[in-house]
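Open the model in your viewer and keep the selection panel at hand. Each stop below tells you what to select and what to look for there.

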Amino acid sequence: MKRYIVVLLYLVLVLGPLLAGVVYSMLYSTGSIGLLSKGFSLVAWQNVLTDDFVKRSFLSTIFVATISLVIGVAAALFVVLKSNWLRRSGIAGIMLHIPLAFPPMVAAFLMFQLLYKGGLLSRIFYQLGLTTDIADFPGLVNDNLNIGVILCMALFVFPFFVVFFVQKMEISGMNRYVTLAASLGAGRYQTDMKIVIPLLLRHAWFNIALYWLILFGNFEIPLILGRQHPAQVSVLIGQKFTKYDLGDLPEAYAISLLYVLVVLVVFLLFLFKNRKIQAI
Amino acid sequence: MKTKARIRIIVLINLVMIPFVFLLFLSIAGTWFFPDVLPGHWSLNAWHGLFLGNDFWWVLLKSVVLSSSIAILATAMAFFISRQLSRHRYRDILHSIAYLPYSFSPVIYAFCIQFLFIRSGLKGTYAGVLIAQLLISFPFVVLLFSKHWNHELKNQEILSMSLGASEYQTVVRVTLPLTMRLIKLSLIQTFLISWFDYGISLVIGRGIAQTAILRIYQYIAEANIAYAATASLVLLIPPVMLSIVQHKLSSNVA
């Protein structure tokens with residue numbers, strides 16, 4: 001009996017607010033509730049689904065999260081494979097953990113100070129004679145391609161996966177497979193490509209999925225470094241919610257529900273994939 | 001060989017230190033006009049202003065209390081609840097559910113559930129921010145504990161009870177000491193989740209319940225670079241110290 005009460009309490013704490021939020025958003029986005037509600041209506045949904053800005057915002061956010069993650073994970077793999085000494089050094093272990101202490105807000109602030117047209121990099125370029133005017137420096141923040149956001153997110157992901165891969169190489173007994181393959185005549189490149197990388201990625205699969213979701217929903221980095229029209233999904237939702245126009249609220253809830261849908265699809269896909277991996 | 005190893009470590013230390021040095025540089029850069037790489041003069045105005053003529057200390061103290069409370073509450077709740085969940089028939093599904101709140105963007109999650117806090121009068125209060133942050137950090141700790149409750153630990157508990165210990169004595173004398181490292185790790189992780197949180201504090205705190213990270217964004221939005229850099233450096237002190245402790249704990253757990 002006690003266990004069932006605990007399970008119920010757990011479900012109320014974990015799923016309760018989430019479900020309440022989804023139901024409330026559904027009702028609000030369909031005009032069933034809200035200060036300016038005039039009864040059930042799908043106008044907000046029609047507006048959101050036909051709005052080019054919303055579509056571009058979602059596509060851009062998916063692109064930015066994916067490309068940042070690919071760059072961050074690939075760079076981490078490269079560093080871990082090329083630097084065996086990282087695993088043996090105690091000081092290196094401590095040093096690798098320090099970048100994890102950077103909140104996205106501070107990372108984005110530093111990246112802005114480095115990359116904007118009057119930033120440190122632009123000044124260095126000017127002093128080196130590579131640019132002759134502040135305007136010559138390319139726009140790397142709040143730009144159309146979200147270069148600043150991608151760089152910052154990749155740098156945000158990179159240290160986590162370096163630490164993760166270093167730990168996995170230590171505890172997964174990978175060295176035994178590598179030694180066996182080498183004794184059978186495999187070269188370093190072959191062992192990396194056929195054994196180490198596939199094993200590391202298999203271990204990292206779930207974390208990669210979680211990080212994708214974290215980057216997809218990140219607010220602080222695109223808020224400081226990203227393009228504002230169309231903004232990344234989380235910033236777009238923030239803009240809709242904080243506008244003084246109450247008429248925008250149903251649309252804000254509708255976009256939030258679209259975001260929830262994307263997260264749920266990705267979450268279920270990766271959960272399914274994770275079970276398959278664990279079953280192998 | 002030793003020299004090569006030393007050079008590698010020095011390079012790594014320098015790379016890791018670059019962001020801290022840059023922050024320190026920005027915090028003491030007085031007048032810094034384009035295209036100068038170095039400022040015209042150095043100034044400690046931001047450091048003086050932040051700590052002598054500002055309520056930043058007070059906000060920092062409130063953030064420490066808030067994050068510590070989250071860490072203690074989430075860890076204590078997850079310790080007891082996850083122990084019960086691990087004995088449930090559908091424990092795998094129950095644990096998978098815990099990934100959900102953690103997968104959502106805190107700011108969007110906060111916007112979607114803010115009506116609960118408005119109705120209960122908790123919006124714009126520290127209690128509201130605490131409860132909202134708990135909704136994310138608690139499932140995270142459940143996940144952290146999920147793999148800890150294995151057969152070995154269960155057998156130790158059964159052995160203790162078969163030797164005459166009560167359930168209370170078993171938890172205090174057997175389970176708790178065997179879980180202590182994970183508890184410390186959980187305290188650190190949940191402290192950091194709360195310490196880094198911007199989205200929930202922004203939406204549920206509504207700017208009234210101020211936290212250190214909200215204050216930093218305020219300085220960034222005001223283009224008050226020196227203040228933002230100084231506050232960021234101070235904000236980084238607890239996470240850096242905790243990351244080092246966490247590294248030692250993770251090595252031991254592994």
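Start in helix 7 of chain B. Select B:Gln133, B:Ile136, B:Ser137, B:Phe140, B:Val141, B:Leu144 and B:Phe145. Two residues are in contact here if their C-beta atoms, placed from the backbone, lie within 7 Å. Helices are DSSP runs (H or I, at least four residues; strands are E, at least two), numbered from the N terminus. Ala, Val, Leu, Ile, Met, Phe, Trp, Tyr, Cys and Pro count as nonpolar, Asp, Glu, Lys and Arg as charged, and the others, Gly among them, as polar.

This is a predicted model: local features need pLDDT of at least 70, side-chain atom pairs count only at pLDDT 80 or more, and totals for chains, interfaces and linings use all residues. Residues are numbered from 1 along each chain as its sequence is written, while chains are lettered from A and ligands numbered from 1 in the order in which they are written.

Now show both helices whole: residues 126-146 and 167-196 of chain B. They pack at an angle of about 150°, with their axes 10 Å apart. Axes are lines fitted to C-alpha atoms, for helices over the stretch in contact, and angles run from 0 to 180 degrees between N-to-C directions. That angle makes helix 7 of chain B roughly antiparallel to helix 9 of chain B. (Under 35 degrees counts as roughly parallel, over 145 as roughly antiparallel, 65 to 115 as roughly perpendicular and the rest as oblique.)

Zoom out to chain B. It has 12 helices and zero strands. Its C-alpha trace spans about 75 × 65 × 30 Å along the principal axes. Of its 254 residues, 40% are buried. Buried means 20 or more other C-beta atoms within 10 Å of the residue's own, exposed 12 or fewer, and partly exposed in between, with C-beta atoms placed from the backbone.

Next, the contact between the chains. Chain B gives 59 residues and chain A gives 57. Select helix 12 of chain B (225-253), which gives the most to the side touching chain A, with 11 residues. That side of chain B has 46 nonpolar, 10 polar and three charged residues.

Stay between the chains for a helix pair. Select A:Ser234, A:Ile237, A:Gly238 and A:Phe241 in helix 13 of chain A, then B:Val107, B:Ile108 and B:Phe111 in helix 6 of chain B; the two groups meet. The helices pack at an angle of about 30°, with their axes 9 Å apart. Helix 13 of chain A is therefore roughly parallel to helix 6 of chain B.

Finish with the backbone. Most residues other than glycine have a negative phi, and most peptide bonds are trans.

- A:His229 and A:Pro230 are joined by a cis peptide bond, with omega about -5°.
- B:Phe34 and B:Pro35 are also joined by a cis peptide bond, with omega about 10°. B:Pro35 sits in the loop between helix 1 and helix 2 of chain B.
- A:Asn146 has a positive phi of about 55°. Buried or exposed? A:Asn146 counts as buried, with 25 C-beta neighbours inside 10 Å.
- B:Ala223 has a positive phi of about 60°. B:Ala223 is exposed, with 8 other C-beta atoms within 10 Å.
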